[in-house]
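My notes are below the view.

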Amino acid sequence: MRITLLWLLLLGLCLPANGPAAPVGCFSGAKAYQQLKDLCALGARVPGSPAARKAGDWLLTKLKALGDETWEQAFTHKVRANHPLAKRDKTLSTQGLRMRNLVCRFRPRETRRLLLAAHWDSRPFADMDPVKANRVKPVLGANDAASGVVVLLELARCLKAQPPGMGVDIVLFDGEDFGEQGHLDEYFLGSRFYARNLGRPRPEAGILLDMVGDKNLRLPLEPFSRQAAPDLQDRVWDLAEGLGLGDIFVREPGPAVQDDHLPLIERGVPMIDIIDFEYPQWHTLQDTPATCSPASLEAVGRVLETLIREGL
Ligand SMILES: [Zn+2]
C-alpha cells in the first residue's frame, strides 16, 4: 500500500501542469476482436435464420450481464413479395418477418443520455461479390457490421466496470441491410422502428458505428452527420486527434451514406455515423474477421470511451 501511494505521488508530480493525464483505458481491441470471431462463428445473421436467432440470443445474454436495463424490442416487417427471401417463403409477406432490436441501458433514469448504435443483422445476399454464383449467398458481415457491435459490447464491459457519468443507451439494430438495391424502404428497418418509438428521456445525441473494423481503417467526416451534428462530429474527431489517432479519424469529407443515423436525425436526435465505406469486401463473401483487426476496433473504442468519460 505504501509503495502504491508513493508511486501515485510520483505519478502526480509527473502530470503536465495544464491538466490531468488521460485516464487509463479499459477498452481492449483484443477482447473486441475475439468477440468478433465468436459472433461470426455463429454464422450469417440473416433475419429469420437459425443463425440470427442464435446470434441475437448470444448478444442479449452478454448485454444482460452488463447493462442496468436490457431488453429486446421486437417488431414485425411484412416483406415485399419480390424480395428473394419472400420468394422462398411466402409467409414472410403475409404474416411478416419477426425482427428485434437489442437495447442495453446504463443509468436509465439519467436525463442526459448518449445513444450508441450499430446494426447486428447481416445482408441476406452478397450482391457485390465478384463471383456471380455467390451473389445469392448471405454475407457473414464481420465488418458490416459485427465490428460496430463488438466495439459496443466491449464498451459495455467497461461501463459495467466503471459506470458512466451520463446515461448511455447501447442499441443494436436489426434489419439494416435487408433490402435489395433500389428498394430503400427495406433498409434501416430496426432504426426506423426504434426512432418511431423513441421513449423518454430522449438521447441528447447519438453515434452510429458501421464498418469500423477494416484493417486499413480510415474514417472521414460523413456529410449527413456533418449537417446534423457538426459539434459532436468535431468533438469526436478532436478527441481522436488528442489520442494520436488523427491518421485514422481523418479530417476530410467522405461519401454521404444512407444509414441507421438518418431515421434518428429525422426524429430530432443529432447523430453522427462513424463509417469507413472504402472497404473492398463490402457485400461480398469476403467480409470476414480476417479483413478486420484488433487495432482498428481499439481505435474506435478508445475514442468512444474517452468521450463518455470526459463528456460530450
Ligand atoms: Zn451493408
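The entries run from the whole chain to single residues.

**Ground rules.** This is a predicted model, in which local features need pLDDT of at least 70 and side-chain atom pairs count only at pLDDT 80 or more, while totals for chains, interfaces and linings use all residues. Residues are numbered from 1 along each chain as its sequence is written, and side-chain values use heavy atoms, with hydrogens and water left out.

**Whole chain.** I found eleven helices and eight strands in the protein chain. Helices are DSSP runs of H or I with at least four residues, strands are runs of E with at least two, and both are numbered from the N terminus. The radius of gyration is 20 Å, close to the 20 Å that the globule rule gives for 312 residues, so the chain is as compact as a globular protein of that length. That radius is taken over C-alpha atoms, and the rule is 2.2 Å times the number of residues to the power 0.38. The C-alpha atoms fill a box of roughly 70 × 40 × 40 Å along the principal axes. Of the 312 residues, 54% are buried. Buried means under 20% relative accessible area, exposed over 50%, and partly exposed in between, with a 1.4 Å probe and protein chains only.

**Zinc.** Which protein residues are donors of the zinc ion? I listed D144 (OD), D177 (OD) and H283 (NE2), at 1.8 to 2.3 Å from the ion. Donors are N, O and S atoms within 2.8 Å of the metal (3.2 Å for Na, K and Ca); water is not among the atoms, so sites may look incomplete. The spacing in sequence is D-x32-D-x105-H. D177 sits in the loop between β4 (167–173) and α7 (189–196), and H283 in the loop between β8 (271–275) and α11 (294–310), 106 residues apart. Both D177 and H283 are buried.

**Cysteines.** I searched the whole structure and got one disulfide, defined as a pair of cysteine sulfur atoms within 2.5 Å. The partners are C26 and C158, with sulfurs 2.2 Å apart. The link is left-handed, at -90° about the S-S bond. C26 lies in the loop between α1 (2–14) and α2 (29–41) and C158 in helix α6, so the bond ties together parts 132 residues apart in sequence. C26 is partly exposed at 26% relative accessibility, whereas C158 is buried at 1%.

C40 is in no disulfide; the nearest cysteine sulfur, in C292, is 7.5 Å away. C40 is buried at 6%. For C104, the closest cysteine sulfur is that of C158, 13 Å away and too far for a bond. C104 is buried at 0%.

**Helix α6.** Residues 142–161 make up α6, which has 20 residues and spans 26 Å from first C-alpha to last, close to the expected 28 Å. The expected span is 1.5 Å times one less than the number of residues. I counted 17 of the 20 residues as buried.

**Strand β3.** Is β3 enclosed or open? Seven of the seven residues of β3 (113–119) are buried, so the strand is largely enclosed by the rest of the structure. R113, L115, A117 and H119 point one way, and L114, L116 and A118 the other. β3 pairs with β4 in the parallel sense over seven bridges, and with β5 (205–210), also parallel, over four. Pairing needs at least two DSSP bridges between the strands. L114 stands opposite V168 in β4 and opposite A205 in β5.
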